[in-house]
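Hi there,

Here is the structure I promised to pass on.

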Amino acid sequence: MSLFDRLASFQGCDNNLKTNNNDGINNGEENESGRSNNLDPPLQPTTSSTSSRSHVGSGTIEPKAGIVLKTLKPGDVTNYPRKGDTCTIHYEAFTEKEIQTRRSNPVPFDSSRRRGLVFRFRLGAGQVIEGMDVAVSEMSLGQEVEVTFPHPYAYGVAGYPPVVSPRTTLIFRIELIQFSSLL
């Protein structure tokens, strides 16, 4: 059983709820009960967010207290998503402990790349953890970043057992591929 399947069963979800139109895209849509069809643990919301975008194309910035965004590959530094845009990304999610323990070859606890599916969500709609909304709102088209999310911007005090322990800092690698206001 894959991590995705274990997490889906842990959440009490049916894998058939996952939207996959055989086009390599996992959409962040809601089912009839109002729950997100995304079964990916780092992308389930804990709180909502607002952003004070700084439009930095390279280097390291701190858009919200404790969230550190480090550019791995600069974007176009011109096109930025807006609240309400449907954003298409790739991501890899790690715990801080995993990064510290296996610096040269950390293993993500979740990864859109490993699944071979890009991920889509509506920016600022609370479909993802607050740190993800904040980070993507700061990114320009094509940018790749490594973002550190302290636990208040990830899974909080409770964590996301058994995958993410309580009060765990997460590190995501995110690539912003596309967003709807560009279409």
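**Aromatic pairs**

Searching the whole structure turns up five aromatic pairs (rings of Phe, Tyr and Trp, the last by its six-membered ring, with centres within 6.5 Å; planes under 30 degrees apart are stacked, over 60 edge-to-face, the rest tilted). Tyrosine 91 and phenylalanine 172 make a stacked pair, at 6.1 Å centre to centre with 25° between the planes. This pair links distant parts of the chain, since tyrosine 91 sits in strand β4 and phenylalanine 172 in strand β8, 81 residues apart. (Strands are DSSP runs of E with at least two residues, helices runs of H or I with at least four, numbered from the N terminus.) Tyrosine 91 is buried, with a relative accessible area of 0%, and phenylalanine 172 is buried with 0% as well. (Buried means under 20% relative accessible area, exposed over 50%, partly exposed in between, with a 1.4 Å probe and protein chains only.) Phenylalanine 119 and phenylalanine 121 form a stacked pair too, with 5.9 Å centre to centre and 25° between the planes; both are buried. Ring pairs join Tyr91, Phe119, Phe121, Phe149 and Phe172 into a cluster.

A word on the source: this is a predicted model, where local features need pLDDT of at least 70 and side-chain atom pairs count only at pLDDT 80 or more, while totals for chains, interfaces and linings use all residues. Residues are numbered from 1 along each chain as its sequence is written, and side-chain values use heavy atoms, with hydrogens and water left out.

**Backbone**

Most residues other than glycine have a negative phi, and most peptide bonds are trans. Which residues does the cis peptide bond join? Proline 161 and proline 162, with omega about 0°. Proline 162 lies in the loop between β7 (144-149) and β8 (170-179). Arginine 167 is in the loop between β7 and β8; this non-glycine residue has a positive phi of about 55°, and at 54% relative accessibility arginine 167 counts as exposed. Valine 77, in the loop between β3 (67-73) and β4 (86-95), also has a positive phi of about 55°, and is partly exposed at 42% relative accessibility.

**Largest pocket**

Residues lining the largest pocket include Phe94, Lys97, Phe109 and Thr168 (a pocket is an open set of points on a 1 Å grid over the protein atoms alone where a 1.4 Å probe fits, with protein on both sides within 12 Å along at least five of seven lines; lining residues have an atom within 4 Å of a point). The largest share of this lining, three residues, comes from β4.

Happy browsing!
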